[in-house]
Amino acid sequence: EAHSAAIYKSIATNTPHSSSMAATKRKTPDLPVIISPSLLSSDLANIARDAEEMISLGADWLHMDIMDGHFVPNLSFGPPVIACLRKANKDAYIDCHLMVSEPAKWVEPLKKAGANLMSFHVESTMPEGGAKALISTIREAGMKVGLTIKPGTPVDVIYEYAEDIDLVLIMTVEPGFSGQKFMSDMMPKVKALRERYPGLNIQVDGGLSPSTVDEAAKAGANVIVAASAIFGSDDRGGVIKALRESVERHGSQN
């Protein structure tokens, strides 16, 4: 519980929203190292059990991939599943990655369901007022805000919003399905963000495993999402530990 409290405090204080990143360069070790297993690869008939196992094995967050069958062809979780997960685990930090066409419609349902963080794609349809309005709506709902880009989207689209958000998610696979190969050519995006915003929480998602995480950690990612690498392993705790140690080891280089 003390570890979870520290993570909550860290993301609250180490964000562009809470202080100016331009004034003083802060190195990656000042940021929390966060491991967020993706429950898309869990045993969906026993998702609450697997979620509890992830926390007990040292995971910091629970990553929930929310897909609407429009923005991406797959369908997955919705607010009712988030609400059930929250009921089963009242203290878990639920990290929601929205792969949906109109994310603004999901803010209130996710708030009621108990989500902590809502990350939306910059490529999705924005409400009146654009992404800045949606960022404000999410924050007013009491959730942290993440902004996500697909592999084909240039990283500089993030820059105008970086001071207003808590996290950037760089997709290292095409969104929509688990089990894809890690795209190492996305690492220049991570590196560019880390150099420009030393205090920003940078999440990577897609193909992360003990064999690929070093590249992401060296580039500057401090929030690691892993799915099949964890749930497909006979040593799930060992995988979580290896992911964490990589970020701890390489973070000092940034």
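Keep in mind that the model is predicted.

Start with the whole chain. It has nine helices and eight strands. There are 254 residues, and 54% of them are buried. The accessible surface is about 10,500 Å². Carbon and sulfur atoms account for 52% of that surface. Now the contacts. Take those between residues at least 6 apart in sequence. Of these, 68% join residues at least 24 apart.

Next, helix α9. This helix covers residues 236-250. How far apart are its end C-alpha atoms? They are 22 Å apart. The helix has 15 residues, so at 1.5 Å a residue it should span 21 Å, and the two values agree. Several α9 residues are buried, among them G237, V239, I240 and L243. Further along α9, R244, S246, V247 and H250 are buried too.

Stay with α9 for its residue R236. R236 forms a salt bridge with E53, and the closest N and O atoms are 2.7 Å apart. E53 sits in helix α2, residues 47-56, so this pair ties together parts that are 183 residues apart in sequence. E53 itself is partly exposed, at 27% relative accessible area.

That pair belongs to a wider set. The structure holds 10 salt bridges. Here are some others. D166 pairs with R139, with the closest N and O atoms 3.2 Å apart. D166 is in the loop between β5 and β6, and R139 is in helix α5, so the bridge ties parts 27 residues apart in sequence. Are these two buried or partly exposed? D166 counts as buried because its relative accessibility is 1%, under the 20% limit. R139, at 22%, counts as partly exposed.

E102 and K105 also meet in a salt bridge, at 3.1 Å from N to O. E102 is partly exposed, with a relative accessible area of 38%. K105 is exposed, at 56%. Then there is a network: salt bridges link D43, R49 and D50.

Now for a charged residue with no such partner. R86 is in helix α3, residues 79-88. R86 is buried, yet it has no salt bridge. What is the nearest side chain of opposite charge? That is D91, 6.6 Å away. The R86 side chain does reach backbone oxygens. One belongs to N89, at 3.1 Å. Another belongs to A92, at 2.8 Å. Set aside neighbours within four places in sequence, and R86 is in contact with D91, A92, I94, A113, G114 and N116.

Follow that to A92. A92 is in the loop between α3 and β3. With 4% relative accessibility, A92 counts as buried. A92 and N116 are 24 residues apart in sequence, and their C-alpha atoms are 8.9 Å apart.

Last stop, G176. Where is G176 found? In the loop between β6 and α6. Its relative accessibility is 3%, so G176 counts as buried. Leaving out residues up to four places away in sequence, G176 touches M67, V72, N74 and M99. G176 and F71 are 105 residues apart along the chain, while their C-alpha atoms are separated by 8.6 Å.

To recap two points. R236 and E53 bridge helices α9 and α2. R86 is buried without a salt bridge, but its side chain reaches the backbone oxygen of A92.

Note on methods:
Residues are numbered from 1 along each chain as its sequence is written. This is a predicted model: local features need pLDDT of at least 70, side-chain atom pairs count only at pLDDT 80 or more; totals for chains, interfaces and linings use all residues. Side-chain values use heavy atoms; hydrogens and water are left out. Helices (H or I, at least four residues) and strands (E, at least two) are DSSP runs, numbered from the N terminus. The expected span of a helix is 1.5 Å times one less than its number of residues. Buried means under 20% relative accessible area, exposed over 50%, partly exposed in between (1.4 Å probe, protein chains only). Contact means heavy atoms within 4.5 Å. Accessible areas come from the Shrake-Rupley method with a 1.4 Å probe; for residues, only the protein chains shown count as cover. Lys and Arg count as positive and Asp and Glu as negative; His and the chain ends are not counted. A salt bridge is a side-chain nitrogen of Lys or Arg within 4 Å of a carboxyl oxygen of Asp or Glu. A polar contact is a pair of N or O atoms within 3.5 Å; within protein, one must be able to donate a hydrogen and the other to accept it, and residues adjacent in sequence count only if both atoms are side-chain atoms.
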